[in-house]
Amino acid sequence: CAPVSAPANAFLVNSAYGRGWECERGFRQEDGACVPIATPDHAFLDDLTYGEGWSCERGFRAAGSICIEIDVPVNAHLDYLGAGWECDPPYRRRADTCALEPSR
């Protein structure tokens with residue numbers, strides 16, 4: 001048995017695998033240390049084990065290291081997840097707009 005030393009902003013975990021420690025919420029493991037996760041405006045910390053450690057709020061989407069507002073066109077609404085948009089019935093998506101289907 002060897003002692004486990006955890007860096008600042010970490011806690012020990014009882015596991016037969018891994019380092020024996022995990023970073024506290026709001027920190028990520030990097031080069032044996034726990035460094036703060038920088039969240040941009042309109043973002044929140046998430047609990048995913050992959051990615052940046054943050055997600056954008058509803059109505060915003062990630063663009064690199066920032067969250068940008070979703071431009072919802074006329075006759076559309078935010079989709080279920082809030083990370084995109086979809087057209088209101090009976091409109092259909094045409095590029096970045098919502099248009100009525102032509103009558104047949």
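The chat below goes through the disulfides of this predicted model.

Q: How many disulfides does the structure hold?
A: The structure holds 3 disulfides, where a disulfide is a pair of cysteine sulfur atoms within 2.5 Å. This is a predicted model, in which local features need pLDDT of at least 70, side-chain atom pairs count only at pLDDT 80 or more, and totals for chains, interfaces and linings use all residues. Residues are numbered from 1 along each chain as its sequence is written, and side-chain values use heavy atoms, with hydrogens and water left out.

Q: Which cysteine is joined to Cys23?
A: Cys23 is joined to Cys34, with an S to S distance of 2.2 Å. Cys23 lies in strand E2 (residues 21-23) and Cys34 in strand E4 (residues 33-36), so the pair ties together parts that are 11 residues apart in sequence; strands (E, at least two residues) are DSSP runs, numbered from the N terminus.

Q: Are those two buried or exposed?
A: Both Cys23 and Cys34 are buried, and buried means under 20% relative accessible area, whereas exposed means over 50% and partly exposed lies in between (1.4 Å probe, protein chains only).

Q: OK, what about Cys56, where does its disulfide go?
A: Cys56 is joined to Cys67, at 2.1 Å from S to S, and this pair links strand E6 (residues 54-56) with strand E8 (residues 66-69).

Q: Why is that one left-handed?
A: The torsion about the S-S bond of Cys56 and Cys67 is about -90°, so the disulfide is left-handed.

Q: And how are the bonded cysteines paired along the chain?
A: Numbered in sequence order, the bonded cysteines pair as 1-2, 3-4, 5-6.

Definitions and conventions:
Helix = DSSP H or I, 4+ residues; strand = E, 2+ residues; numbered from the N terminus.
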